[in-house]
Number of protein chains: 2
Amino acid sequence: MISQTAEYALRAIVFLADQRGSPRTTAQIAQATQVPPGYLAKVMQSLSRMRLVHSQRGLNGGFTLTRDPATLPMLEVISAVDPIRHFHECPLRLEAHQTELCTLHRQLENAALMIEQKFTETTVADLLNKADGQKPLCSLAVVSLATTSGASGTGNKSTGG
Amino acid sequence: MISQTAEYALRAIVFLADQRGSPRTTAQIAQATQVPPGYLAKVMQSLSRMRLVHSQRGLNGGFTLTRDPATLPMLEVISAVDPIRHFHECPLRLEAHQTELCTLHRQLENAALMIEQKFTETTVADLLNKADGQKPLCSLAVVSLATTSGASGTGNKSTGG
DNA sequence: TACCGAGTTGACAAAGATTATCGAAACTCT
DNA sequence: AGAGTTTCGATAATCTTTGTCAACTCGGTA
């Protein structure tokens, strides 16, 4: 779906949006969002380069959001670090390519657009809104929407601990 | 969105569905779908292991579809080679984690479910159906649905015509 | 048996994720 | 202003995953 990096970026942005006003250092964000500190620094750089956050060096420095969470779609955060792949043209680019492949790629492109639309509609402010009547725990907030036909192989292997 | 491998698998399945009846060899599929032959062999193995295709060794051997394209959702093909990542539980799994992160991951999970639903509804047979009123060329079938804010990274100008 | 083609395996390159290190800017204190 | 601390910025190195290739084995057909 989306990359690990994009998820990290989202976490950091959401945290900053919640803490808006006072700058937060990389170490603080990393600690709060449980993102590897060294890697988070790199992610924050991408965010800073895209002007989503402002960086302030020195004492009492850190990162602050430059945008209003209400007008900042999730998509921008994701695109800043890991743009969603599109199928603008048939990867086969043959002159005598089959039409069924075109249909395939159109479906794939439509799916990508669907995702983009959803991530465009949802803003960072929406992610902060916790008055939704759900459990405080994340692990309980899953709804069964699609029938996972035999795809029970999540495979999270916790090597070490 | 989806991995390169998953896309390759889709191409191969669609091709086999179109050629159903007579087995097709790896070389034939690779040539028709423009997938690297060596890698396609590995992809076909995954498909075979998941019983989506039947493999026949020896002379006049090759791969054939085991399923009816009309009842074979895209999702199964994708899941066979590269299961869609889910967010069943908060990756932070802290006891004192913030609720805004839960909302974030619920959104991500919903997006994953949305994609899965779409790929469940669309069958391989749908990909074969070419009576849709579109151009024969793949590159022209793109609609602007979401505002791509500054995500113009591709920019290839070599559009041979 | 000879030939053909899938199945398996391992090596390898490319991309993604992660850690560590050093340098540059900004603030504080003297 | 100058020294020292704090924090971002950039880069290199490491590790993992993914994608790619090639050689070889196993099985079926003529």
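H3(B) is followed by B:Arg51, a residue with a positive phi near 65°. The model is predicted.

**The helix itself**

H3(B) is 13 residues long. From first C-alpha to last it reaches 18 Å, close to the 18 Å expected at 1.5 Å a residue. Four of its residues, B:Leu40, B:Val43, B:Met44 and B:Leu47, are buried. Seen down the axis of H3(B), the buried residues fall within an arc of 105°, so they line one face of the helix. On the other side, B:Gly38 and B:Arg49 are exposed.

What does the buried face of H3(B) pack against? The partners all belong to chain B: H1, helix H2 (26-33), strand E1 (53-56), E2 and helix H4 (74-81).

**B:Met44**

B:Met44 sits in helix H3 of chain B. It has 26 other C-beta atoms within 10 Å and is buried. Leaving aside residues up to four places away in sequence, B:Met44 touches B:Ala12, B:Thr26, B:Val53 and B:Phe63. B:Ala70 is another matter: B:Met44 and B:Ala70 are 26 residues apart in sequence, and their C-alpha atoms are 20 Å apart in space.

**The nonpolar core**

The largest nonpolar core holds 78 residues. Which of them touch the most other members? They are A:Ala9, A:Ala12, A:Ile13, B:Ala9, B:Ala12 and B:Ile13. B:Ala12 is also a contact of B:Met44. B:Ile13 touches B:Leu52, B:Val77 and B:Val124, with residues up to four places away in sequence not counted.

**The surfaces near DNA**

The table sets out what surrounds each.

| Item | DNA strand C | DNA strand D |
|---|---|---|
| Surrounding residues | 25 residues | 25 residues |
| Element giving the most | H3(B), five residues | H3(A), five residues |
| Nonpolar, polar, charged | seven nonpolar, 14 polar, four charged residues | eight nonpolar, 13 polar, four charged residues |

Both chains supply the surface near DNA strand D. Helix H3 (37-49) and strand E2 (62-65) of chain A, with helix H1 (4-18) and helix H3 (37-49) of chain B, each supply at least two of its residues.

H3(B) gives the most to it, with five residues.

**Chain A as a whole**

Chain A has six helices and two strands. From the N terminus on, its elements run α-α-α-β-β-α-α-α. The chain has 161 residues, of which 37% count as buried. What share of its contacts joins residues at least 24 apart in sequence? Among contacts between residues at least 6 apart, 64% do.

Conventions
Residues numbered from 1 in each chain as written. Chains lettered and ligands numbered in written order. Predicted model: local features only at pLDDT ≥ 70, side-chain atom pairs only at ≥ 80, totals over all residues. Near = placed C-beta within 6 Å. Nonpolar A, V, L, I, M, F, W, Y, C, P; charged D, E, K, R; others polar. Core = buried A, V, L, I, M, F, W, Y, C linked by C-beta atoms within 7 Å. Buried ≥ 20, exposed ≤ 12 C-beta atoms within 10 Å, placed from the backbone. Contact = placed C-beta atoms within 7 Å. Expected span 1.5 Å × (residues − 1). Arc of directions from axis to C-beta.
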